[in-house]
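I opened my notebook for a first look at this model. Here is what I looked up, entry by entry.

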Amino acid sequence: MKTVPRNVAPQAVPCPPPCADADVIELFFPVGTAGPALQQIAEAKAICRRCPVLQACRAEALAWPGAFTHGVVGGLSEDERHALLRRRAARGAGIR
């Protein structure tokens, strides 16, 4: 996501989120999950960690998984988001 999440009031963010910087946008969409992509993912997550709307961004990405299928969103990689959603679904179904 390269914009402030819909569930965050625009006045709550005094400046554009760090992921909106055109110089870093490719970090959020690494090609693959090994080699250089691992470094890109780590760098994107570091940018997310200093974002003032990290929690809202993550909440939106998890609430609308079909809208956020690729890349690092809310400080989580695709694999991490999918795993978290699977665990939540399993808990909801009573599976441990």
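Is L76 buried or exposed? I found that L76 is buried, at a relative accessible area of 13% (buried means under 20% relative accessible area, exposed over 50% and partly exposed in between, with a 1.4 Å probe and protein chains only).

A note on what I am reading: this is a predicted model, where local features need pLDDT of at least 70, side-chain atom pairs count only at pLDDT 80 or more, and totals for chains, interfaces and linings use all residues. Residues are numbered from 1 along each chain as its sequence is written, and side-chain values use heavy atoms, with hydrogens and water left out.

**Entry: around L76.** I placed L76 in the loop between helix 2 (54–63) and helix 3 (78–92). Helices here are DSSP runs of H or I with at least four residues, numbered from the N terminus. Leaving aside neighbours within four places in sequence, L76 touches R58, G71, R81 and L84 (contact means heavy atoms within 4.5 Å).

**Entry: helix 1.** I checked its length next. Its 14 residues should span 20 Å at 1.5 Å a residue, and the end C-alpha atoms are 20 Å apart, which agrees (the expected span is 1.5 Å times one less than the number of residues). The buried residues of helix 1 are A37, I41, A44, K45, I47 and C48. They sit on the same side of helix 1, because they cover an arc of only 155° around the axis (taken from the directions from the helix axis to the C-beta atoms). These buried residues pack against helix 2 and helix 3, while P36 and R49 are exposed on the other side.

**Entry: the core.** Which residues make up the largest nonpolar core? I listed 10: C19, V24, L27, F28, I41, A44, I47, C48, L54 and V72. Helix 1 (residues 36–49) gives the most to this core, with 4 residues. A nonpolar core is a set of buried Ala, Val, Leu, Ile, Met, Phe, Trp, Tyr and Cys residues joined through side-chain atoms within 4.5 Å.

**Entry: a charged pair.** I found 1 salt bridge in the structure (a side-chain nitrogen of Lys or Arg within 4 Å of a carboxyl oxygen of Asp or Glu). K45 and E80 form it, at 2.6 Å from N to O. The pair links distant parts of the chain, with K45 in helix 1 and E80 in helix 3. K45 is buried at 18%, whereas E80 is partly exposed at 31%.

Note on methods. Helix = DSSP H or I, 4+ residues; strand = E, 2+ residues; numbered from the N terminus.
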